[in-house]
Amino acid sequence: MKKLIVVSHERSGTHFLINSITNNSGGVYGRPYPLEPYKDVYHDGPYDDPKEYKEYVYAWLNSYRGVSESKIFKTHHKAEFFKDYLADIKEEYHILYIRRNPLDVLTSLYHYYRNCEPGNQPHQNFSLDIDDFLFNKTPKDDWYSLTPNSSNAERLKEHVNEWSELGVDMVFYEDLKLDYQNTMGKIFNVLGLSSPKVFKETMLSGIRPRKGEINDHINLFNNNQISRLRGIFNV
């Protein structure tokens, strides 16, 4: 049985997908929470040497070759870490990429960065000025990117586009949220798992989960920001 990697940009519903799979797979993948059913893909540096860091990520994944592991592997790394050896990785792993309306991803990211550090302090990449946060702040994500992006919006766009170009299996957050049974059936078909008669629905969870609402961006962004973001993401 192949192992499974779930890939996403942060705040896209990563744990919603992971727990939906583990809670319905009968132990094939992970174990139901509260025990954490996932492994974070390597992100221990060396951050100052992108080429060497990329090689560490590959070596870490390759160390599981031929090894049985039911826990789901989770990563927010950009596709640049994987594209050179994707065929090799696919021999050992299924890869699912969960994507969400990018405007909602950035909404959740804004709220998360606002108080995610110890003592509910803001992330160093946070700015109360929403224009600044979306379009001007340089992302600080040493663990997940080799090449820098000019803004949070551009990083998200590049993250989704590059993984899409690799042709991995895509899961849409909105489908999972609005059509859970059918979407889970399709996922289990991709993974080669037998579907239960009824999939047990899973509560939103993860690192500081929020509302998980669709189109929540209208409660944060103004019309000009929404129009500009729609132009960037072509949505």
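The largest pocket of this predicted model is lined by 40 residues. Five of them lie nearest its centre: E10, R11, H76, Y112 and I207. Find these five in the structure and you have found the middle of the pocket. The space inside the largest pocket comes to about 820 Å³. How is such empty space found? A probe the size of a water molecule is rolled over the atoms, and this shows where space is left.

Now look at what supplies the lining. Helix α1 (14–22), strand β2 (38–40) and helix α4 (102–114) each give at least two residues to the lining of the largest pocket. Which of the elements supplies the largest share? That is α4, with 6 residues. The residues divide into 13 nonpolar, 12 polar and 15 charged.

Next, turn to the aromatic rings. The whole structure holds 21 aromatic pairs. Two numbers describe a pair of rings: the distance of the centres and the angle of the planes. Take F82 and W163 as one of the pairs.

Are the two residues buried or exposed? F82 has a relative accessibility of 1%, so F82 counts as buried. W163 is at 0%, so W163 counts as buried too.

Compare that with W143 and Y144. These two also form an aromatic pair, with 6.1 Å from centre to centre. The angle between their planes is 90°, and the pair is edge-to-face. Here the surroundings of the two residues differ. W143 counts as partly exposed, at 39% relative accessibility. Y144 is buried, with a relative accessible area of 12%.

Y42, Y47, Y53, Y56 and F81 form one aromatic cluster.

Finally, look for charges over rings. K3 lies over the face of Y93, at 5.3 Å from the ring centre. R100 lies over the face of Y173, at 4.5 Å from the ring centre.

Definitions and conventions
Residues numbered from 1 in each chain as written. Predicted model: local features only at pLDDT ≥ 70, side-chain atom pairs only at ≥ 80, totals over all residues. Heavy atoms only, no water. Phe/Tyr/Trp six-rings, centres within 6.5 Å; stacked < 30°, edge-to-face > 60°. Buried < 20%, exposed > 50% of the residue type's maximum accessible area, 1.4 Å probe, protein only. Lys NZ or Arg CZ within 6 Å of the ring centre and 35° of its normal. 1 Å grid on protein atoms, 1.4 Å probe; cavity = no way out; pocket = protein on both sides within 12 Å on 5 of 7 lines; lining within 4 Å. Points joined across faces, edges and corners; volume = space filled by probe spheres on them. Helix = DSSP H or I, 4+ residues; strand = E, 2+ residues; numbered from the N terminus. Nonpolar A, V, L, I, M, F, W, Y, C, P; charged D, E, K, R; others polar.
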